[in-house]
Amino acid sequence: MFSSQSVGDVLRRILKIEPEPSKDGQPPVYFLHHSNSGIDYYTEPEPTVGGWLRSLVPSPQGAVRYVRSVFLFTQWLPRYNWAWLIGDSIAGLTVGFVVIPQAMAYALLAKLSPEYGLYTSFVGAAIYWVFGTSKDIVIGTTAVGSLLVGSVVVAVQEQQPGTYTNEAIAKVLSAMSGMILLAVGLLRLGWIIEFIPYISISAFVTAAAVTIMSTQFPTLMGITGVNTREAAYQVIIESLGGLPRTQVDAAIGLSCIVLLYAIKHFCAQMQARHPAKQTTWAIVSSMRLTFAMLVYTFISWLVNRNRRETPAFRIVGHIERGFRHAGPPPLSKELITLVLPELPAILIILVIEHVAIAKSFGRTSGYDVVPSQEILAQGASNLIGTFVGGYACTGSFGASAVLSKAGVRTPLAGLFSALILLLALYALTAVFFYIPHAALAGLIIHAVIDLPTPPKTLYKYWRLSPVEFVLWWIGVLVAIFVSLEVSIYVTIGTSLALLLIRLARGRGHFLGRTRVYHYQTPARHAPSPMDSNSDLASSSTVADRHLASFHERPGSGYFHSKPRDIYLPIDHYGASNPEVTISDPYPGVVIYRFPSGFNYTNQAQHIYRLVSYVKAHTRPGGRQASSKSARLWSDPGPTSGQDDEATTLPPLRAVVLDCTGVDGIDITSVQGLVDARRTVQPLGEKGACGSWVWGAGWDG
């Protein structure tokens, strides 16, 4: 029977691969044993591909840990107690009443009837506790997510008008997004979201808020004949042109916004006057949406109870009781093909919005949030939700804030919210009949009007990164004049291009030597921020040329330690003092520092700069360099003046590579270094090629 070693030897001979040199007979590596001052030794085994592959196979204990990490409730549910139950029940029931009007309003943004928002919020509340890592998050409908779902519905209807219902399109979109998010979560690929920059999301949310308000304004004012499927700027123009067609709905919508802001302002004033009851007034403020819906539903019932067929203003109308739209999604090949191109933007926004909210509350409350597990919870909610009539959902910041302020203790609070939503679906659908559309539009506008990035934050963008500030404006303008989907692709694509440019064109630096001293002043001369006569001693570090002022004052009490050499960029890049003289480290020695990473994207630039610098600062050595016949046709050789100057330059003795900022290296980079060594070899001293030394800070 052949051993793996003999098979490997046969394959090496066939493929003509030279075996690695054996290390047998070499002395072992010794380590000092601290406990008894003895000496231990350890011989590191050679790494193999087979060993690496075997390390990827999970152990039985690892498989058990993975299953427990997926179903996180198994870790905390056995410790559940009555105190947690009381806190979860109060918080969950409170959020349930807050979510009902929001869910119904946001469903209209998704081009669906209001009950679909209740389905979506019910599934998110009922499932999240099984997988989630945050006690504060509430999965359900959101304004931005619903708007994106509505844009997909509109896009499919424009391509295949009348072929599929809006509900079928939303179901397929939810199922596909759920399957993808579920796979990302199970494979623990949550780190992918780090490639999506914050500036892209900020621009998108701002543009989405403008788009939402523009599409809801005609409904708020009762203006008909406005095509809200157009770009935001066209909707705004058509809405302003339709102001003469304003109807009585405007009285409902505008007064609803005024009422909501009046309650918000009143509660904020009460929080300031009564700090001990801030939480109570915050919860009261969050219930203003529910209160407004009850008020205007009652007004609508008084006005329209005897004219259900011809109401005085637009109302929601009949809503199916229970889960009448439950069923599997119609996953036809044609519909999947139509939805698939719209899916990336949906996934990006759903994931970023959810994880950002979860991390925000995690930092506030002092617990850790696992992005992969949150994505898994999202995927499960979207996939299961499509079977009961839900559409794509994500974390809701408003509802999550209410849950946190209400004293939630564990993720199980979502079950109590689900009970309230279940009650609404089976007992309150007759009441929902009279909800005015204008009131729902006012609720939506009130909810999103604070989403745009404020000018103060934009000014910070300008101060921190002018390039990204311009990118933010590009994203907003593209969203308003083209579409939200194109905006998110443009901003993310441009951000990634800027990142690649920074990686590929990052500038390395040649280092020189300067001498510094650490000096200390006596107590009587030490300055103090508060008093110039302070007795506190002080110390500092100065470069060689600045030490003269202290040497010229004998007896002053200033003293310094022995000098030490430090290495700084020769071109004074960064915050080094431009008045300090930085000299070459040693004749014929070149020190080059890589900025941040050395890989295939930037190795050509670094190698070119390194070789060019070596050629310019060392003289050719050896017979080959001085021979005209040995010179390349493209090398004209030095002129008479340059030849005289070159005689004063030192030969190349060593090239030191400072790889402190390099965390890994690839084959292209290694080959570049090999080529560079071959190129500068003739510059070495009479047959010497110069030493190449890697910086001690490199961990690669």
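Glu 194 is exposed, with a relative accessible area of 54%. Here, exposed means over 50% relative accessible area, buried means under 20%, and partly exposed is in between (1.4 Å probe, protein chains only). The partner of Glu 194 in a salt bridge is Lys 359, and their closest N and O atoms are 3.7 Å apart. A salt bridge is a side-chain nitrogen of Lys or Arg within 4 Å of a carboxyl oxygen of Asp or Glu.

Where do Glu 194 and Lys 359 lie? Glu 194 is in the loop between α8 (166-186) and α9 (198-221), while Lys 359 belongs to helix α15 (residues 343-365), so the pair ties together parts that are 165 residues apart in sequence. Lys 359 is partly exposed, at a relative accessible area of 28%.

## What you are looking at

This is a predicted model, in which local features need pLDDT of at least 70 and side-chain atom pairs count only at pLDDT 80 or more, whereas totals for chains, interfaces and linings use all residues. Residues are numbered from 1 along each chain as its sequence is written, and side-chain values use heavy atoms, with hydrogens and water left out.

The protein has 28 helices and 11 strands. Both are DSSP runs numbered from the N terminus: helices are H or I with at least four residues, strands are E with at least two. Of its 700 residues, 44% count as buried. The accessible surface comes to about 37,600 Å², and carbon and sulfur atoms hold 62% of that; such areas come from the Shrake-Rupley method with a 1.4 Å probe, and for residues only the protein chains shown count as cover.

Among contacts with a separation of 6 or more, 80% are between residues 24 or more positions apart. A contact means heavy atoms within 4.5 Å.

## Inside the protein

Let's visit Ser 400, which is found in helix α17 (residues 397-405). Is Ser 400 buried or exposed? Ser 400 is buried, with a relative accessible area of 0%. Leaving aside neighbours within four places in sequence, Ser 400 is in contact with Asp 136, Ile 137, Val 138, Ile 357 and Phe 361.

Asp 136 forms a salt bridge with Lys 135, where the closest N and O atoms are 3.0 Å apart.

Now for two cysteines: Cys 267 counts as buried at 1% relative accessibility, and so does Cys 393 at 3%. How many disulfides does the structure hold? The structure holds zero disulfides, a disulfide being a pair of cysteine sulfur atoms within 2.5 Å.

## Two helices to trace

Helix α25 (residues 603-617) has 15 residues, which at 1.5 Å a residue should span 21 Å; its end C-alpha atoms are 21 Å apart, which agrees. The expected span is 1.5 Å times one less than the number of residues. The buried residues of α25 include Gln 603, His 606, Leu 610 and Val 614.

In helix α28 (residues 667-680), Arg 678 and Asp 675 are three residues apart, about one turn of the helix. An α-helix has 3.6 residues a turn, so residues three or four places apart point the same way. Arg 678 and Asp 675 form a salt bridge, with their closest N and O atoms 3.0 Å apart. Arg 678 counts as exposed at 51% relative accessibility, whereas Asp 675 is partly exposed at 33%.

Elsewhere, salt bridges that share partners join Arg 513, Arg 515 and Asp 565 into one network. The structure holds eight salt bridges.
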